[in-house]
Amino acid sequence: MPTTKKSSISTGAIDAKRPDLIKEYLDRYVIGQDEAKKTLAVAVYNHYKRLRYNRWYDHIGHEIDKSNVILLGETGCGKTHLVKSIAKFLDVPYYIQDCTKITASGYVGSDVEDCLAGLLRSCNYDLERAQMGIVMLDEGDKIAKKDAGPSITRDVSGECVQQSLLKIVEGDLVGVPPMGGRKHPEQSLIYVDTTNILFILSGAFVGLNDIIGRRVGSDHNRIGFQNSDGSKSSDNLLGQVTSQDLREFGLIPEFVGRFPIITHIDPLDRDALRRILVEPENSLVNQYTTLLKMDDADLTFNDDALNAIADMASDLHTGARGLRSIMEKLMLDIMYQAPSLDKKHKKITVTADMVHAIASGTAGLVKAG
């Protein structure tokens, strides 16, 4: 178990825990992704060191600028889970804003200030804590500007949103309608200073691999991106992303410049999916085992069953979310029957045949014993 020793650095009620302690905590809940863990751990540690330093910079030196983060990776690979875990460990307020809902002011959708309203709600409108929180701009690839070309309409959910976010993510005093401005225009504003709020832009950025691939060259075999069967693999390309690649994808230069730290999540292969099933402290196997214990039932999964679940999830190409959907289907009949089983049938073993029955659609009530 990781130690709970804290760094001596403090920003009011928030402690800046050392990067190794942050990663050690993340290792308990997130499988793999060492590069992303280290990058995020250092980023949040430096962010909260910066808060303490800047309170005294007039006396001891120059002010340190904020470094927001871009987190790239396929869906279901753990981007949101990483940010949630970090915020929980640091005990800071956080809010996850779905960027697909944001539009330019005056159009149907959400205002860019809604991410700050959500952050305020997450800490019960404690303004001081909110101003040292974390905002995750999820689905950030959806606000990329549309393809260049003549148009008679404004890009109200793309470039306009990026322009509106510029001052917020950089640091500004923003008037925030606490209940959402479009539905309650009469409410008083709360002014939030975003200078010390850490913004993390995340998204799958589908198509970014192709942009990086064209830049590094078409001969992928020369740099180690070709499989033994001759097919091309893009698994490692996100590790070579540059600001120019993101600009070509559709993020405007001013917006990219406000996110100097760029890291990525690796795709989850079959082995990683199997480890996710059992190794984290809040693994799916542990969760369902706990649920069945509440009905006085002992639940076990044999190795073949775990392998079959991982194989099915890998075929779905939805990352760890695929594991959840498979487990829900697999456990439905078991959880339906468990409360009514007598004591001699309270030992339940999940087998590969039961998993395959889910895949073929022939699953029925499971006999326990």
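I started with H13 and H14, and H13 passes H14 in a right-handed crossing (left-handed if the near helix is turned anticlockwise from the far one by less than a right angle, right-handed if clockwise). Helices here (H or I, at least four residues) and strands (E, at least two) are DSSP runs, numbered from the N terminus.

Two notes on the source: this is a predicted model, where local features need pLDDT of at least 70, side-chain atom pairs count only at pLDDT 80 or more, and totals for chains, interfaces and linings use all residues. Residues are numbered from 1 along each chain as its sequence is written, and side-chain values use heavy atoms, with hydrogens and water left out.

**H13 on H14**

I looked up the angle: H13 (residues 303-316) and H14 (residues 320-337) pack at about 130 degrees, with their axes 8 Å apart. That makes H13 oblique to H14 (under 35 degrees is roughly parallel, over 145 roughly antiparallel, 65 to 115 roughly perpendicular, the rest oblique). Axes are lines fitted to C-alpha atoms, for helices over the stretch in contact, and angles run from 0 to 180 degrees between N-to-C directions.

Which residues meet in H13 and H14? I found Ile309, Met312, Ala313 and Leu316 in H13 against Gly322, Leu323, Ser325, Ile326, Met327 and Leu330 in H14, contact being heavy atoms within 4.5 Å.

**H12 on H14**

Next I checked H12 (residues 284-293): its axis and that of H14 come within 11 Å and cross at roughly 20 degrees. That makes H12 roughly parallel to H14. This crossing is right-handed. On the H12 side I noted Leu284, Tyr288 and Leu291 among the contact residues, and on the H14 side Arg324, Glu328 and Met331 are included. The contact of H12 with H14 divides into ten nonpolar, one polar and two charged residues.

**The sheet**

I then turned to an open sheet of five strands, in the order S4-S5-S8-S3-S9, with parallel pairing (two strands pair if DSSP finds at least two bridges between them). S4 (94-98) and S9 (261-264) stand at the edges with a single partner strand each, so one side of each lacks a neighbour in the sheet. Neighbouring strands are turned by 20 degrees against each other on average, direction ignored.

I also looked up S5 (residues 134-138) and S8 (residues 198-203), which pair in the parallel sense over four bridges. Leu137 has Leu201 in S8 as its bridge partner. Helix H5 (residues 114-122) packs on the sheet and touches S4, S5 and S8, its direction making about 145 degrees with that of S4.

Notes
Nonpolar A, V, L, I, M, F, W, Y, C, P; charged D, E, K, R; others polar.
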